[in-house]
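I opened a new page for this chain.

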Amino acid sequence: MQNLNHLTRESLTELESAPRTASRIIIDYIICLMPVVFGCLAVAEYIFVPNLSGNVSTNSYIYFLCVLILLAVTFFIASLFSKKAFLILRYKAPFYAFVFILLTLYDYMTLKTGRLVLPYFPWADQILNAMWDDRAYLLDCACNSLKLLFSGYFSGAILGLITGTACGCSKTADYWISPFMKLVGAIPSPTWIPIVMVIASTLFSGAVFIIALGVWYSLTIATMTGIRNIDRSFYDAAKTLGAGRTQLVFHVALPFAVPNILQGLTQGMSSACLVLITAEMVGVESGLGWYVSWQKSWAQYGKMYAAIVVLCVVFVVVNRGLEAIRRRLLRWQEGLV
């Protein structure tokens, strides 16, 4: 479930200000219970609807559903004793219920009816079993992907912060760098992969360069825009107080550009995640993207989907962590709880 601090003050206020009649309270708690209800329906569908002839299932999927239902029950009980937990669950419960509906439909379309045919659409049991059987290899690939991701991300972020600051504060730097920005911005980062993989000393360094390129562009544009949008009166006030050029950069320009910089970091991470998978599929010898491509070539679609699930989890965690940092630093601006 989503951390309670991620709900905006406006959303909480809207929920709190709604009329709290007896019927409204009952409806709210029914909505909060929806994930549990639809989770139980998913279990019932799995148990009582017969499998298509020849389709053999295990208990992995039902264990998975039971864990999700247990989490939903836990949060529902918490909502009975905590108003904040209730407001969060009331806000998120329809979406969590919808997730159970999607799981039920997928199971019905694959295991029960075969509308989505093998081997391209393995049922949930096969995906979960593949994930468990190959867990050590998937963990190793996930670690290698994160190593590659953050190597390129931080390299591009540092360079982007430097060039963005230079372009925003210096007309001379902007004169020389902006033309290259326009060139790079018009060409998607994956386009450079065939060239970089040929001239790079190693496949890893080539992939790092490709990831860093997209992050560099995003952060340079964001930093440059943030600095250029600063009211000139702030510079004049700082100069009146005796600030030098270096102080203007580090005590005026960069602090005021922080919202834009954080937005650029978020966009850069999205770009890095996209380029990471492409780079791994093309030229890296280990990683989740490479694993997906490898298993696809052997028609091991269960393992391929297992890696995709791990990819989604990794990217969600990384992006949510970055978003939490951004929200924490800008809580004064967004009015978050």
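**Cysteines**

I began with Cys169, whose sulfur lies 9.7 Å from the closest cysteine sulfur, that of Cys167, which is too far for a bond. The model I am reading is a predicted one. I noted Cys169 as partly exposed, because its relative accessibility is 27%.

Cys40 is in no disulfide, and its nearest cysteine sulfur, in Cys66, is 8.5 Å away. Cys40 has 41% relative accessibility, so I put it down as partly exposed.

**Salt bridges**

Next I looked up the salt bridges, and the count is three.

I started with Asp28 and Arg24, whose side chains meet in a salt bridge at 3.1 Å, N to O. I found both residues in helix α2, which covers residues 22-48. They sit four residues apart there, about one turn of the helix. Arg24 counts as partly exposed at 26% relative accessibility.

Asp28 turned up again in a salt bridge with Arg90, where the closest N and O atoms are 2.9 Å apart. This pair links distant parts of the chain, with Arg90 in helix α4 (residues 83-112) and Asp28 in helix α2, 62 residues apart. I noted both Arg90 and Asp28 as buried.

I then went to Asp174 and Arg228, a salt bridge with its closest N and O atoms 2.6 Å apart. Asp174 belongs to helix α7 (residues 171-185) and Arg228 to helix α9 (residues 203-228), so the pair ties together parts 54 residues apart in sequence. I have Arg228 as partly exposed, because its relative accessibility is 45%. I also checked for shared partners: salt bridges join Arg24, Asp28 and Arg90 into one network.

**Confidence**

Last, I looked up pLDDT. The mean for the chain is 83, and 91% of its residues reach 70 or more. Which element has the lowest mean pLDDT, and which the highest? I found the lowest in helix α1 (residues 9-17), at 53, and the highest in helix α3 (residues 60-81), at 92.

Over residues 1-5 pLDDT stays under 50. The model has 13 contacts beyond four places in sequence for residues 1-5.

Key
Residues are numbered from 1 along each chain as its sequence is written. This is a predicted model: local features need pLDDT of at least 70, side-chain atom pairs count only at pLDDT 80 or more; totals for chains, interfaces and linings use all residues. Side-chain values use heavy atoms; hydrogens and water are left out. A salt bridge is a side-chain nitrogen of Lys or Arg within 4 Å of a carboxyl oxygen of Asp or Glu. Helices (H or I, at least four residues) and strands (E, at least two) are DSSP runs, numbered from the N terminus. Buried means under 20% relative accessible area, exposed over 50%, partly exposed in between (1.4 Å probe, protein chains only). pLDDT is the predictor's confidence in each residue, from 0 to 100. Contact means heavy atoms within 4.5 Å. A disulfide is a pair of cysteine sulfur atoms within 2.5 Å.
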